[in-house]
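Please look at the chain shown below before reading on. The report that comes after it is meant for a reader meeting this structure for the first time.

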Amino acid sequence: MNEWTWCFDPEDISKGLPPGALAAVERFATELAVLGPEADHVGDPPDRSGGLREFSLGDEVGFFKFLLAHHRREIVIVHITLWPH
């Protein structure tokens, strides 16, 4: 069983997000945690693995950036950008 989890760092980066956007970030973060170490190959940049990764929430929604903390078995969401509507 995969024991990976995810978190926001800093913890307050999700503060003020619209509920739908927050739900999307949390859903994708949960899916990345299911992938565990394989999440190093998800998102941009597509030509390399590891490091700071970027994952799209959809063309008209925005994106978030994440790192893998292998030693903690954790997906760490470090930045969220939403496109203005």
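The model described here is predicted, and its strands form an open sheet of four, arranged in the order β1-β4-β3-β2 with mixed pairing. The edges of this sheet are β1 and β2, each of which pairs on one side only. On average, and with direction ignored, neighbouring strands of the sheet are turned by 30 degrees against each other.

Between β2 and β3 the pairing is antiparallel and runs over five bridges; one of the residues involved is Ser 56, whose bridge partner in β3 is Phe 63. The helix α1 packs on the sheet, where α1 touches β1, β2, β3 and β4, and the direction of α1 makes about 145 degrees with that of β1.

## Cis peptide bonds and a positive phi

Two prolines in the loops follow a cis peptide bond. The bond from Asp 9 to Pro 10 is cis, with omega near 10 degrees, and Pro 10 belongs to the loop that joins β1, residues 5-8, to α1, residues 19-35. The bond from Asp 44 to Pro 45 is also cis, here with omega near 0 degrees, and Pro 45 sits in the loop that leads from α1 to β2, residues 53-58.

A further loop, between β3 (62-69) and β4 (74-82), contains Arg 73. The phi angle of Arg 73 is near 55 degrees, which is a positive value in a residue other than glycine. Is Arg 73 buried, exposed or partly exposed? Its relative accessibility is 44%, and Arg 73 therefore counts as partly exposed.

## Two salt bridges

Side chains of opposite charge can pair when their charged atoms come close. In this model the count comes to two salt bridges.

In one of them, the side chains of Lys 65 and Glu 54 meet at 3.7 Å, taken from N to O. This pair links distant parts of the chain, with Lys 65 in strand β3 and Glu 54 in strand β2, eleven residues apart. Lys 65 counts as partly exposed because its relative accessibility is 26%, and Glu 54, with a relative accessible area of 26%, is likewise partly exposed.

The other salt bridge joins the side chains of Glu 74 and Arg 72, with 2.6 Å from N to O.

Ala 69 is a residue of strand β3. With a relative accessible area of 8%, Ala 69 falls under the 20% limit and so is buried.

Which residues does Ala 69 touch, once those up to four places away in sequence are set aside? They are Trp 4, Glu 74 and Val 76; among them, Glu 74 is the residue whose side chain also meets that of Arg 72 in a salt bridge.

Key:
Residues numbered from 1 in each chain as written. Predicted model: local features only at pLDDT ≥ 70, side-chain atom pairs only at ≥ 80, totals over all residues. Heavy atoms only, no water. Buried < 20%, exposed > 50% of the residue type's maximum accessible area, 1.4 Å probe, protein only. Salt bridge = Lys/Arg side-chain N within 4 Å of Asp/Glu carboxyl O. Contact = heavy atoms within 4.5 Å. Pairing = 2+ DSSP bridges. Axes fitted to C-alpha atoms, helices over the stretch in contact; angles between N-to-C directions.
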